[in-house]
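Hello,

Here is the structure we spoke about handing over. My notes on its strands follow below.

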Amino acid sequence: MKQRLFGFLVVVGSALGACSSHQQDSAPAIRIRWERDPENLNPLILPNENSLEAANLLYSSLLAVDPGKQQFVPSLAEALPTVEQTDSLTLLTYRIRAAAVWDNGRPVLARDVAFTLKVMNCPGLPIETNQAQWGFIRDIRLDPADPRRFTLVCAGRSPEYRWSSGDYIILPEYPLDPQGQLRPFSLAALRADTAGNQRNPAISAFVGRYTQAQLDHHPERLPGSGPYTLEAWAPGQYVTFKRKPKWWADTLHSDLLPLQARPLTLDYQIIPDEATAVLALRRGDVDVYPMMPAKEFQRLRRDSGNKSSLQFHTTESYKMITACFNTRYAALQDRLTRQALSHLFDIPALIQATQLGMAYPSVGLINPTAGHLYNDSLALPTYDLVKATALLKKAGWQRKPTGGWARRGVDGTTQQLTLTLSYRTGDPAFETIALQLRAAAGRLGIVIRPQPLEASLFWEKLRSGSVQMYLFTVTGNPFVYNFAPILHSKSIGAGNFTGFGTPTSDRLIEAIAAEEQEGHQAELLRRFQRLMHEEKPLTVLFFLRSRLAASSRLTTLQVTSLRPGYTATAIQTKAVK
Amino acid sequence: MRRFLFPRLARTLPAAWGILSVIFLLSRALSSAPEGLTNIQGASIGGHAATPDQIRAAERLLRKRRGLDLPLFYITPAATATKQALAWRWHWHGTHNQYHTWLYSLLHGDLGRSFRDEQSVSMVVLRALASTLPLTCSAFVGIVIVSYWLTLLLARHRWLRPAVLAGLTVLHALPLFVVAFFLLLLLANPDVLALFPAYGLNRPESDTSWGEQLISSAYYLVLPLLSLVLVSLPSLVVQVDSALQHELKANYSLTARAKGLPERLVIRRHALRNALLPAISYVADLLPALVAGAIVVELIFAMPGMGRLLAEAAASRDFPVLLGAISVIVLARLLAQIVADWLQVWANPRIEAQA
């Protein structure tokens, strides 16, 4: 009996030993926690932030964001494009770096860019998002004298084209279309003929080859010009990338972050549950935990036992929580009511309760850290029930003796001030905000019913305009100020869920998007913030601070306000003393 | 066997078809917008802003590619203008509709392709099952063995019953996530005992032997397995124990004792077989859960599996995967019912005679 027990202990002991040695073997890898699987690594689809991050390791773009500088910098391109404008077109000329080569040593050429654009418009492939995002690129003109130079012909004018015209993954032509079967087709022809793959055998053959490659789960079948290759991918468990021994950008010795790749192995571990992820970080099973929940972040940071093993970073972000009003709803059609309701949010208390202080208020959609672009002459939203009452009365609302508020509408009907606040379920911050608003409104006799909704149902209601008030996360960026998708009247139903839009606001939004001079754009932005401050189609409650916890063995994390909040390719491990 | 199987199949297959059809029609009817375009829809300021027309065109193309542009069913109501006002009329669409396409493919063994990653649903479901089954089957075997052993122990050492049954009742009252977190914080926590991995499955490595891989895989499964066993154990033990106590008081048990049989033989040879009869249905009910996975355990221990697959497919409206996974679970449920019936008949032939 004792021998059997001993045998059992030996087996268990060797198992434990085997497992712990596995941990030691994987020590050089940088292990990063992801909440969800990237799901699809087809460069044409990339359905979530994680797939985008993974794709940027495997492939390169003409331009890339340098998180350190917070601006677009040349990646495959030699420099930012030169811009030339005609009456209705913008011409952007790029030249690809001489050093840029594919894995087989072939140079990356302008015809690869042309091929990429054609793939992005090829009927029969999953190109819907690409067509919508880069539909402004109408044509590409290759320079006959220089195989690396080309000009993109873009419809209309926008300062944004300078960056967005180069912010997509460049695909190699040689493995996907070795015979150049797509070359004879123009971009316009491919875009116009939505059934071209059924009519034309060359397109059909190409679509067949592309589909057969199953790039969704086998990106290794398409050699990219990025610094890493996919080593292993177990869906729902982990994705591992290995540094190429020789990457074309190594020869440049550039100080630009997109042209550096330091870790030899990047190991993304998919851990959906936050508590398990915290435990994994504390055990040393993962090295980087981005966007850690505020409560856990604060708890770990305050625990002196973690000081030697973990490091904590916070930085401003472009992610903001907003309370939005559906201006098509009769009771919310006038700005005074919206202003009154905005005074019911106790923002400092909400920041403390939901983010433990790791957020900051703003007068509007511009980040307060944006310097002269931020209109600091406007007052921050205040929690003021007296002011809210006065504004409601000014808007024609009268408090009924039985409680509640009512007014006579334009059409003679009586309107009641009872509202539903919809939000996506699952985020405790939204729950807290909804409860605070309900309590504050209740003190004035206004009935506000919180309505948590499952994510897809929430989207459905937003799109159909059947919400009254809703909580929403909006993400900005430091490069482009284009408010058209969320506030232009043309976007109502397609992204502008507030239903707001006046000729003045539309003109201002268009002017901001088209303005190239920074000084003038700042002036327009300040005017826009004032307009939104008065009209209040939405109230920015606060901008979140990005939170990141990491193992103290790491250095050069390049914690950034841009998603995902760190630069995986820049991370290094500290030298062992 | 034919007499046994056919009536049951005739009852259960239409029920399965009905369940799947209702789920198909409800899920598709609820969705007017396809997932997959949220990254270009109104959640961000600037950055490749697609125009509303471009977004609508993209939506149209996506719906077409996924076959969502077809009518939902053979007949659908549609508003028709009459002389006085609008009226609802039923429109016949023939076989060119979403339901027919889905049913036709299903009958040909084609579960379609995932909306999220374009993979074959059969492959996705098989992959999830490959992760789920080792865990759930081990848990199933564990539950049955431990229950059997514990019930016999309680029958032979009755003084243990109050304490053990009280403990089991407390355990039964705890939700699965509490038990899982408790085990995680107790046995995978550097502050207490870091004996087991906190999450994931064993990674296959080429330089290790088959045996080492197996042991290592088992090591990763300890905590999830323990969570499932601890949560499912109490109800089975309490049920079998109660039945066994009842049988031990029956006349035939008294007769066996009077014949001089030792108590352990009275329990094993006489009482237990009868006491297990009611447990057959309970155990058979666990079979569909083997296939459906354990979503809570899969989420907490970051393991892929059917539970997570179902939850993620539902959240992202990946209808082909959702329906494919549900089809497999419905089939498992039917199979479990048939197996339960057969086991009941096998254990007690009088049931068939009565039927």
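Subject: strand pairing in chain A

Strand 5 of chain A pairs with strand 7 (residues 149-155) of chain A in the antiparallel sense, over seven bridges. Please keep in mind that this is a predicted model. Within this pairing, Leu89(A) lies opposite Ala155(A) of strand 7 of chain A.

Strand 5 of chain A also pairs with strand 4 (residues 82-85) of chain A, again in the antiparallel sense, here over four bridges. In this case Glu84(A) is found opposite Leu91(A) of strand 5 of chain A.

How many of the seven residues of strand 5 of chain A are buried? Five are, counting as buried a residue under 20% relative accessible area. Strand 5 (residues 89-95) of chain A is therefore largely enclosed by the rest of the structure.

A further part of chain A holds an open sheet of three strands, in the order 14-15-16, with antiparallel pairing. Strand 14 (398-399) and strand 16 (414-416) of chain A are its edge strands, each pairing on one side only. Three bridges link strand 15 (residues 405-408) of chain A to strand 16 of chain A, in the antiparallel sense. Ala406(A) has Gln416(A), in strand 16 of chain A, as its bridge partner.

Regards

Definitions and conventions. Residues numbered from 1 in each chain as written. Chains lettered and ligands numbered in written order. Predicted model: local features only at pLDDT ≥ 70, side-chain atom pairs only at ≥ 80, totals over all residues. Heavy atoms only, no water. Pairing = 2+ DSSP bridges. Helix = DSSP H or I, 4+ residues; strand = E, 2+ residues; numbered from the N terminus. Buried < 20%, exposed > 50% of the residue type's maximum accessible area, 1.4 Å probe, protein only.
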